Amino acid sequence: YKRQLEGALAAGYHPGLSFQLRPSLAYRLKLDDPTGHTYQLGLGGNYYLTDWLGLGAAVYYQLQPGTQSSATAFSLEASFRLVEGLWFNAGYTLGGFVGLTPDTAPGFYIRLDFLGGSR
């Protein structure tokens with residue numbers, strides 16, 4: 001049994017009707033092995049070209065200070081509005097790694113975004 005604390009926070013911010021920012025933070029604190037503490041930062045963004053189509057990108061950075069190791073991943077995606085407030089996203093993560101969240105895994109991914117309000 002390993003004693004550890006894990007958590008993640010991801011938010012969506014719309015500074016304008018056609019743009020979305022998605023900052024994220026995740027951590028894993030190994031209580032019995034402080035050199036294994038791991039932190040992950042992410043920043044994604046989408047630009048909505050039309051009412052039904054958007055393009056996006058994200059970068060993820062993971063750091064393990066105790067071992068002086070780090071990893072970076074980038075992703076590109078396309079967003080399609082299914083119905084008002086529901087977007088289907090399909091993308092690809094380049095240079096991925098096994099991180100603290102599924103966003104960092106290499107290869108293709110899909111995601112649903114539920115957005116409130118009207119555009």
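User: How many residues does the chain have, and what share of them counts as buried?

Analyst: Of its 119 residues, 33% count as buried, a term that requires under 20% relative accessible area, with exposed meaning over 50% and partly exposed in between (1.4 Å probe, protein chains only). The model is predicted, local features need pLDDT of at least 70, side-chain atom pairs count only at pLDDT 80 or more, and totals for chains, interfaces and linings use all residues. Residues are numbered from 1 along each chain as its sequence is written, and side-chain values use heavy atoms, with hydrogens and water left out.

User: Why is Leu 29 called partly exposed?

Analyst: Leu 29 has 22% relative accessibility. Because partly exposed lies between the limits of under 20% for buried and over 50% for exposed, Leu 29 counts as partly exposed.

User: Which residues does Leu 29 contact, leaving aside its neighbours within four places in sequence?

Analyst: Leu 29 is in contact with Arg 3, Gln 4, Leu 5, His 37 and Tyr 39, leaving aside those neighbours; contact means heavy atoms within 4.5 Å. Gln 4 is 25 residues from Leu 29 along the chain, and their C-alpha atoms are separated by 5.4 Å. Leu 29 itself is found in strand E3 (residues 19-30).

User: What makes Phe 80 partly exposed?

Analyst: The relative accessibility of Phe 80 is 32%, and therefore Phe 80 counts as partly exposed. This residue is found in strand E6 (residues 69-83). Not counting residues up to four places away in sequence, Phe 80 touches Trp 52, Leu 53, Leu 86, Trp 87 and Phe 88.

User: How many helices and strands are there in the chain?

Analyst: The chain has zero helices and eight strands. Both are DSSP runs numbered from the N terminus: helices are H or I with at least four residues, and strands are E with at least two.

User: How many positive and negative side chains does the chain have, and how far apart do the centres of the two sets lie?

Analyst: There are 8 positive and 8 negative side chains, with the centres of the two sets 3 Å apart. Lys and Arg count as positive and Asp and Glu as negative, while His and the chain ends are not counted. The place of a charge is taken as NZ of Lys, CZ of Arg, CG of Asp or CD of Glu.
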